[in-house]
Amino acid sequence: MARATASRRSFLGHSYNLVGVVASLVILAWTLVAIFAPYILPHPIGEIVDDDYFGPMRQGLWFGSDYLGRDMLSRVLMGARYTVGISLAAVCIACFSGVVLGMIAAVTGGWLDSCLSRFLDAMNSIPSKLFGLVVVAAVGSSIPALILTLAVIYIPGAYRFARALAVNINTMDFMTVARVRGESTAYLIGSEILPNIIRPVLADFGLRFVFIVLLLSGLSFLGLGLQPPLADWGALVRENIGGLPFAAPAVIVPSLAIASLTISVNLLIDNLPQKIRDRNA
């Protein structure tokens, strides 16, 4: 018990676990890299700087070189910009749309609730990777197309989660009082329901961000993500997969980058203070 207590620190009334703090620092680091990547690259991402392909880690090439002799550190740093940026844009669209639709359906009920639920249930029944493969193969793999495709895939899940929370809130006494006062639907959603579900919604936001990062990396690994000369982490793994028998850093480093980001987000969510993670706290 003493050891568990010692692993936590108090700040602004919340108890923080050391694992959560470390995870948040990793996430912050990748976020800063994504923002400032063009300004911190040691080499241009397309410049051939090594006479050998799949070069080892050494001074000046800290992550080795890729299958063409380009600097992997520069490519991983720029890949963070696309991986984090596309995933963050997609999860924002998915969660905003899903939460808004879920709250509207819970408050209004009736035919609107039934139609939305049945349509989004049908969308949710389609395997995400299959849907992504079909849509991206049909419309192309531009950045806007990838963002919208990833967002559409995860809107149904965000809708179901938000609706389940909102339905529980909708049956409470203060909601009945607000309706008796004649409050509008917009007021009920924005002032009564949203403040009571925002904490679990934020936790769900983090989980869906992880799912989108993994799906984007999977599409890129299959060749349907960003196309050259652009490359996210999944594309970097795919184009350097030939170095796997040689344990080349060019294929290992982007894989570790994906793992570090996704695991850190999961650890941060698992170690959030109870007041943030639990809507009843």
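Here is a walk through the model, from the overall layout to a few local details.

Q: What am I looking at, and which elements make up the protein chain?
A: It's a predicted model. The protein chain has eleven helices and two strands.

Q: And in what order do the elements run from the N terminus?
A: The order is α-β-β-α-α-α-α-α-α-α-α-α-α.

Q: What box do the C-alpha atoms fill?
A: Roughly 75 × 55 × 30 Å, taken along the principal axes.

Q: What does UniProt list for the chain as a domain?
A: An unreviewed UniProt entry has the annotation "domain: ABC transmembrane type-1" over residues 80-269. In the model that span is 83% helix and 0% strand, with its end C-alpha atoms 21 Å apart.

Q: Which residues does UniProt give as "transmembrane region"?
A: The unreviewed entry lists residues 18-41, 82-111, 131-155, 205-226 and 246-269.

Q: How much helix is there in residues 18-41?
A: That stretch is 96% helix and 0% strand, and its end C-alpha atoms are 31 Å apart. For residues 131-155 the figures are 88% helix and 0% strand, with the end C-alpha atoms 13 Å apart.

Q: Where in α6 is the kink?
A: At Tyr 154, shortly before the proline Pro 156. The kink is about 35°.

Q: Ok, and how much space is in the largest pocket?
A: About 350 Å³. It is lined by 16 residues, and the closest to its centre are Ile 27, Phe 205, Gly 206, Val 265 and Leu 268.

Q: Where do the lining residues of the largest pocket come from?
A: α2, α3, α8 (185-221) and α10 (249-270) each supply at least two. α8 gives the most, with five residues.

Q: How does the pocket lining divide into nonpolar, polar and charged?
A: There are 14 nonpolar, two polar and no charged residues.

Q: New topic: how many aromatic pairs does the search find?
A: Three in the whole structure. In one of them, the rings of Trp 30 and Trp 233 have their centres 4.8 Å apart and their planes at 65°, so the pair is edge-to-face. The two residues sit in distant parts of the chain, 203 residues apart: Trp 30 in helix α2 (residues 18-40) and Trp 233 in helix α9 (residues 233-239).

Q: You mentioned Pro 229 in the cavity lining. Is its peptide bond from Pro 228 cis or trans?
A: Cis, with omega near 10°. Pro 229 is in the loop between α8 and α9. Most peptide bonds are trans.

Q: And Phe 54, is its phi positive or negative?
A: Positive, about 50°, although Phe 54 is not a glycine. Most residues other than glycine have a negative phi.

Q: Where is Phe 54 found?
A: In the loop between α2 and α3.

Methods. Residues numbered from 1 in each chain as written. Predicted model: local features only at pLDDT ≥ 70, side-chain atom pairs only at ≥ 80, totals over all residues. Heavy atoms only, no water. UniProt positions renumbered as here; feature names shortened; annotations may be inferred. Helix = DSSP H or I, 4+ residues; strand = E, 2+ residues; numbered from the N terminus. Bend = angle between axes of the 7 residues up to and from the residue. 1 Å grid on protein atoms, 1.4 Å probe; cavity = no way out; pocket = protein on both sides within 12 Å on 5 of 7 lines; lining within 4 Å. Phe/Tyr/Trp six-rings, centres within 6.5 Å; stacked < 30°, edge-to-face > 60°. Points joined across faces, edges and corners; volume = space filled by probe spheres on them. Nonpolar A, V, L, I, M, F, W, Y, C, P; charged D, E, K, R; others polar.
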